[in-house]
Amino acid sequence: MTTITPTPTVGVSIPRVEGPDKVKGQARYAYEQPVDRPTYLYPLQAPITAGRLAAVDATEALAQPGVLTVFTHQNAPRLVSTEDAELAILQSDEIAFRGQFVGGVVADSPEAARHAAALVRLDCTEGAHDTEFRPDHPHLYAPDHVNPWFDTDTDQGDTQTALASAHVTLDATYTTPREINNPLEPHATIAIWTDDELMLYEATQGVNWVQQTLAALFGLDPQQVRVICPHTGGGFGSKGPHSNVVLAAMAAKLVTPRPVKLALTRQQMFALVGFRTPTVQHIRLGANPQGRLTAISHDVIEETAKIKEFAEQTAVCTRTMYACPNRHTAHRLVPLDVQPPTFMRAPGETPGMFALESAMDEMASACGIDPVEFRIRNEPDLDPETGLPYSSRNLVACLREGAHRFGWQDRAPDPRARREGGWLVGSGVAASTFPVVRLPGSSATIQVTPGGRHVVRIAAVDIGTGTWTALRQIAADALKVPFDEVDLRMGDTALPQASVEGGSSGITSWGSAIVAAAVALRERLMSEHDGVLPEGGLEVTAEDPGNPYTQHYSMHSFGAQFADVRVHEVTGEIRVPRLLGIFAAGRIINPATARSQLIGGMTWGLSMALHEDAFRDPRFGHVVNQDFAEYHISTNADVPAIEVDWVDEDDPYVNPMGSKGIGELGIVGTAAAIANAAYHATGIRVRDLPITLDKFLS
Ligand code: MOS
């Protein structure tokens, strides 16, 4: 081991280590892994929304050259666990939503599989279905909890009475549309069975998650399932185990030992891998003459699938954002004959903070207070929900720094005050927040080789965020060795177990395990070997010990988002020439990759503000605009100069690195900042996303 402590690498913008391979096309994603004699799977999807698959005629399909098998519930492998109705496909003739997998065709080429799939005749008996999201739905219900384990409803003080006696009140309803997880890389699998072992190359946010899920479904020991994923082309929350990997594993079982390859088409992505629920959010605020909130009420209605509940935690952000003695939050669900919704791009905070931060802007206006100042005035000393101190909370610093850099002091307080050519010009602000999540169960092994290399092993995955680089930086500093002396192995269940890349928890969870292993290694070297590396090298494994401060501090990241917006007076066209985000997210491990993530998050937010809207036709139960021609996302021409920076934040409680997750923080608040700026430009308050041009024309 080196005796001179090298310069720390955490905090340095080391270029992402896998970048050159990605640019050259040499970084292998799931579908690109080389396998012998691959076969190709094309799915059969339910052509009705609810009912039964009465009869299947595969005669013509099976007669096609290159076709190996056609399978449906009639001949599919039986699953041992059918608890998860989304994953337990092909176990009966029941159809639960349009587009659900009802079978598959395996052939020697993707073309042959797809052609034959079109020739399979599916005769269905159609039942009654209900796919229309209505806030007055008769079967509206309260779930037991909201994602992942938050209380469904909360009440503090007496919100009704406080609202009735408030000096200034606001009562408004905001809506956000259905949005679809659309990472650049589609969901993709290569599945291979040999005897009783299943091998998967899978595009995923968690190799152990896939391993455990598939083992349970097929009645295997987790050791019998190996999952490999060196690179994932974006997750968006949807790259957990969905039915596509189950279908691929079933197909591979039928053609054992040949590998089966399945990549979903973009249209299949709209039907099968989850989505964000639309929301209807009723917000009521009360304030005293000093502009301090006296009541906050946030009621949310959203949809879920009849076959599997997912309750987005939309109002949870409202429990912690602002000081207020009387507070009410509640979630209700409409159960429909649709595919299950899932995690997506800061679930909860993203739609919830659109509503809350729009309402805060409206309330600031109603109180005659600048919206930056209004938020500062309602800053809590302690977490209002738990009464705990924050491990660190620098929203005010973000607001002040952002206002300074944005030139906020020059802004006219009144809306519709500025015209340039035919454009109405305005600016807006909104706050951002995201919890610090640490998922249990990650371990890391560190081996010092006789040659002096430090090899770090952990089954973490990099979904495009820079994990390959950041974890090496963390390991190098914890081991007190140079970055270049560290080797990292990830993305394989043969490595020590790692938690899921979700909830922006990766660096916190995996970094904590790596630091624990590094500390253990250095201690062992000192106590057992007098600091001299033994001839055969040394290896230590440690588990993330968990955070002893969790019960004592409330842990969140914060940010302030600023937007310039131009709305054309005649056409209503809306443009966003400038976004600025200032964040407080603890210690930044790698400024270059962190900046990329935050810009990416704000681009998601811009996309949500202006474009994304998945329209489900209640007559047929499917998303009609199921491709990028009609489901619009922000493209280069839409994305303005996005500036990102952060304030220094020293947090000794969150984890050994002092870092907070940044993968999702950037999207939160962006849409509200844009909506608030659009109001400032035009005097028209758009409470229903996306902010399309028709909403400015009357
Ligand atoms: Mo993220 S939506 O928690 O993968």
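Author: Happy to! A salt bridge here is a side-chain nitrogen of Lys or Arg within 4 Å of a carboxyl oxygen of Asp or Glu. Please keep in mind that this is a predicted model, in which local features need pLDDT of at least 70 and side-chain atom pairs count only at pLDDT 80 or more, while totals for chains, interfaces and linings use all residues. Residues are numbered from 1 along each chain as its sequence is written, and side-chain values use heavy atoms, with hydrogens and water left out.

By that definition, the structure holds 37 salt bridges. R377 pairs with E373, their closest N and O atoms lying 3.2 Å apart. Both residues sit in helix 9 (residues 371-377), four residues apart, about one turn of the helix. Helices (H or I, at least four residues) and strands (E, at least two) are DSSP runs, numbered from the N terminus.

Next, how accessible are these two partners? Buried means under 20% relative accessible area, exposed over 50%, and partly exposed in between (1.4 Å probe, protein chains only). R377 counts as partly exposed because its relative accessibility is 29%. E373 has a relative accessible area of 31%, so E373 is partly exposed too.

Now look at R276 and E179. They form a salt bridge with the closest N and O atoms 2.8 Å apart. This pair links distant parts of the chain: R276 belongs to strand 14 (residues 275-276) and E179 to strand 9 (residues 179-180), 97 residues apart. Both R276 and E179 are buried.

Another pair to find is E649 with K660, whose side chains meet in a salt bridge of 2.8 Å, N to O. E649 and K660 each lie in the loop between strand 28 (641-646) and helix 14 (670-682), so their bridge ties together parts that are 11 residues apart in sequence. E649 and K660 are both buried.

Salt bridges can also join up: D361, E362, R685 and R687 are linked in a network of them.

One last side note, on another kind of side-chain link. If a disulfide is a pair of cysteine sulfur atoms within 2.5 Å, the count comes to zero disulfides. Take C367 as an example: C367 is in no disulfide, and the nearest cysteine sulfur, that of C324, is 12 Å away.
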